[in-house]
There are 2 protein chains.
Amino acid sequence: MPMYVVGHKIPDSDSICGAIALAYLKNQIDEPAIAARLGELSPETAFILERFGFEAPELKLSYAGEDVYIVDHSELTQAPDDIAEATIVGIVDHHKLGDLTTSTPLECWIRPVGCSNTVIKMMYDFFGVAIPKDIAGIMLCAILSDTVIFKSPTCTTADIRCVEDLAEIAGIEDVQALGMEMFNVKSAVAGTPARDLVMRDFKDFNMNGNLVGIGQLEVVDLAVFDEIKAELEADIAALKEEGERHSVMLLLTDIMKEGSELLVVSDDITIIERAYSIETENGRVWLEGVLSRKKQVVPPLQDSFI
Amino acid sequence: MPMYVVGHKIPDSDSICGAIALAYLKNQIDEPAIAARLGELSPETAFILERFGFEAPELKLSYAGEDVYIVDHSELTQAPDDIAEATIVGIVDHHKLGDLTTSTPLECWIRPVGCSNTVIKMMYDFFGVAIPKDIAGIMLCAILSDTVIFKSPTCTTADIRCVEDLAEIAGIEDVQALGMEMFNVKSAVAGTPARDLVMRDFKDFNMNGNLVGIGQLEVVDLAVFDEIKAELEADIAALKEEGERHSVMLLLTDIMKEGSELLVVSDDITIIERAYSIETENGRVWLEGVLSRKKQVVPPLQDSFI
């Protein structure tokens, strides 16, 4: 019975490219594996897959009775709904340790680096498996995405070295140019419904018993939001009520100016303000230098909820 | 500020030797580290440390405000009491994924192998650090202990290969003989109070909200328990009440006959019996072929509690 390799809900490029890359590696070492996904592709991920000639992995929401290798998270809220009825055989990740547990021994490749695909590259090296040219391409793009072309504070020397190796394998000469092309695709928001934008890269977290949803939109120029900001605010307020969440936050990240405008609705805004030592004005605040949800937004908030 | 490297409560040889071996490795890669322990040494561990010329790691129970690298578990019940006030920077383990969580990214080296020291050997290889002769010796002994000299179903080819490598580094020609010498030390129970024996290798587990304590004594001949079995049974019954546990189990493992006598007291014995498809008689039952708490005892029980 092959295992399924699957990333998190509302998959980003790291989850999708990571599932493809890890499933290939597993098949090479005689552990049959199928890449899967828990949701629709973002425009960025669709661009990456098309660029390197891949189909989207199988859309599969239920995993009861299956062996599952989890990519890019270790959180119950981000995992398949019936993960408790599956056997988790492994986790590859680069986030904080979440609340997934298992009843049998497993393998965890978790490292404090910028992207799961950097960890998967380490796995290829460990098992001595050569990375095909096209898989090197999607892995490289996932790392450029997660590290905001090396600008994010989550980016480590391991990520940069990994991209150098992968660029050589994939025959990509101008990594920066590819990254900018990708972020230009990501920045196209015109004509997209507010809800689709809010949910494009949205994660729920369990913060000391409170459900907190945090979305992030990374663009090359924040001006693209000028005409739709009020719509986005109305939508996160609606989303908070629908999901019985304590708070919903949306980070509008300008990767050129290297900061984020935070939009927030909350049952208790003081918890949010305390977390970042800020004052919001009508649920908005500019966070200078904040690019990373994982490293700069989630940990202080987690601590503020205790 | 150096990190502390520490195994689980009631430390076994894997926890103690692993803390020493991992702290040495971390210091070699310019990450200052101090090995520590959460309890007294077992006679087996004392034998190993003396054999290779090591002092016991520092006894340290409180870790608030410290950076901590966790060895050989990922369970809250087995971690330092104030682990929530510490920063977990990493976990090296070979068990099921437990309920420890973190608020920041970390590294997890978890593999489904027989011993944490096998994983630590992989870490030495990854970082390209040479293993000193004496550290190779204690790592090898920890693997022989956890795999019951390769007899346990938890033993993998990775563990065996690792012992081969370490034996060469440590200059140990007869690995089997060293293992038997170690298990003979472990088998000496005469004159030891029942409580000390029950607690010698004892772990608490959270089984769907129920606290279950499971001890294990591995000996070369079960006859050493003939005269004290009733005392052991009285003691696990007392331990159950003192700790408000749902169940306490004690495995008396005969490594030559390759099986375990299970002694059990429980609020609901049918959960235990269902887990292993057995019938107990006066709280006793022989489990043929059962050597591993981790692989053969905990997972079916975890499932039986759901």
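Across the interface of chain B and chain A, the rule finds zero salt bridges, a salt bridge being a side-chain nitrogen of Lys or Arg within 4 Å of a carboxyl oxygen of Asp or Glu. This is a predicted model, in which local features need pLDDT of at least 70 and side-chain atom pairs count only at pLDDT 80 or more, while totals for chains, interfaces and linings use all residues. Residues are numbered from 1 along each chain as its sequence is written, chains are lettered from A in the order in which they are written, and side-chain values use heavy atoms, with hydrogens and water left out.

Chain B brings 26 residues to the contact and chain A brings 26 residues, where contact means heavy atoms within 4.5 Å. About 2200 Å² is buried between the two chains, with carbon and sulfur atoms giving 66%; buried area is the accessible area (1.4 Å probe) that two parts lose on being put together, summed over both. On the chain B side, Leu97(B), Ser103(B) and Pro105(B) lose the most area to chain A, together 29% of what that side buries.

Next, the strands. Strand S6 of chain A, residues 107-110, pairs with S6(B) in the antiparallel sense over three bridges. Strands here are DSSP runs (E, at least two residues), numbered from the N terminus, and two of them pair if DSSP finds at least two bridges between them. Cys108(A) stands opposite Ile110(B).

Finally, which residue of chain A forms a salt bridge with Lys151(A)? That is Glu258(A), with the closest N and O atoms 3.9 Å apart.

Methods: Helix = DSSP H or I, 4+ residues; strand = E, 2+ residues; numbered from the N terminus.
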